[in-house]
Amino acid sequence: MPSPVLSPQLLETIEGLTQNLLASETFLHYRAAKNRLENDTVSQNLLKELSRVQAHVREAQDNGTVRQEEIETLRQIQTRVQENSTIMEYVAAQQGAVNLLREINDDISALLGVNFAVLAQKSTC
Amino acid sequence: MYTDNINSLEVAPLSVVKQAARDFAVALAETPQFKAFEEASLHFYKDAEAQQALQAYQRKLQSLRMMFMLNAVSPEEQSELERLHEEFLAYPSAKAYLQAQTDLVALCQVVGDLLSEQIGLNYAAACGASCCG
């Protein structure tokens, strides 16, 4: 099926919506937090370590070979992540952006009479 | 200082963002795909026989849900379910509704992709949308 062509009017309002979203305090905050996280090597390494240890513990749990010290290591990394202000500020800022998008989607959906985000969702089932 | 950086930029107030969202919703409602969907929905929901056919199909599907999970649906039950589905799709109002829905979803997915690309967040996923109900 050919991809639908968007009318100039629709494209103009999409542009207006995205520009205003990006200029909202919530998104400025989110993008600044994201930039700080992306440029913070210590935080990046901590997140990589968390991901690596989580994957290892998950695999060990599946195989029934997980050891207590591995779980303890994972808990320690999780605590370090929670104490890392760059990561936690990013998490909070992203949640703020998500909340704003949900609020905006509620407004759009109320006007349309259908949930726009559900229609826009790509099927993964 | 981060706060100073934000203050030096032109910040869009929430009311302006919400107005932009309303403008977008109005433009989307004006598209041929949305208008066709509204019209097809109206006809479909007014078609009592098509609604009954849909309910019969949904009841059968619901009754077999557990058997599907266990992969234990008999060929007879599968055939009966397919028959009810075909019976439902034979109604022109149902067929038109599903086609209009498909066309609208295709449009909204393109719009959603564009929004996601520009804002750097997956719009539909952020809004908690799921195709799995």
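**Exercise 1. Find the kink in helix H4 of chain B, then describe the helix around it.**

Solution. This is a predicted model, so everything here is computed from predicted positions.

Step 1: go to B:Ser63, where H4(B) has a kink of about 40° centred on that residue.

Step 2: check the length. The helix has 22 residues, running over 48–69, and at 1.5 Å a residue they should span 32 Å. The C-alpha atoms at its ends are 31 Å apart, so the two values agree.

**Exercise 2. Which residues of H4(B) are buried, and what covers them?**

Solution. Step 1: pick out the buried residues, which are B:Ala50, B:Gln51, B:Ala53, B:Leu54, B:Tyr57 and B:Leu64.

Step 1: see what lies over them. The cover includes three helices of chain B: H3 (32–46), H5 (75–89) and H6 (92–119).

Step 2: list its partners. Leaving out residues up to four places away in sequence, B:Lys60 touches B:Glu77, B:Glu80, B:Leu81 and B:Leu84. Take B:Glu77: B:Lys60 and B:Glu77 are 17 residues apart along the chain, yet their C-alpha atoms are separated by 8.8 Å.

**Exercise 3. Decide where B:Thr31 sits and what surrounds it.**

Solution. Step 1: place B:Thr31 in the chain. You'll find it in the loop between helix H2 (14–29) and H3 of chain B.

Step 1: is B:Thr31 buried or exposed? With a relative accessible area of 6%, B:Thr31 is buried.

Step 2: look for a polar partner. A polar atom of the B:Thr31 side chain lies 2.7 Å from the backbone oxygen of B:Leu28.

Step 3: Not counting residues up to four places away in sequence, B:Thr31 touches A:Leu10 and B:Leu107.

**Exercise 4. How many disulfides does the whole structure have?**

Solution. Step 1: search over all chains, and you get zero disulfides.

Step 1: B:Cys108 is in no disulfide, and its nearest cysteine sulfur belongs to B:Cys127, 13 Å away. B:Cys127 is in no disulfide either, with the sulfur of B:Cys108 as its nearest. A pair would have to be within 2.5 Å to count.

Step 2: look at burial. B:Cys108 counts as buried at 1% relative accessibility, and B:Cys127 is buried too, at 15%.

**Exercise 5. Sum up chain B as a whole.**

Solution. Step 1: count the elements, which gives seven helices and zero strands.

Step 1: of its 133 residues, 35% count as buried.

Step 2: take the contacts in chain B between residues at least 6 apart in sequence; 60% of them join residues at least 24 apart.

Note on methods:
Residues numbered from 1 in each chain as written. Chains lettered and ligands numbered in written order. Predicted model: local features only at pLDDT ≥ 70, side-chain atom pairs only at ≥ 80, totals over all residues. Heavy atoms only, no water. Buried < 20%, exposed > 50% of the residue type's maximum accessible area, 1.4 Å probe, protein only. Helix = DSSP H or I, 4+ residues; strand = E, 2+ residues; numbered from the N terminus. Expected span 1.5 Å × (residues − 1). Bend = angle between axes of the 7 residues up to and from the residue. Contact = heavy atoms within 4.5 Å. Polar contact = N/O pair within 3.5 Å; in protein donor to acceptor, adjacent residues only side chain to side chain.
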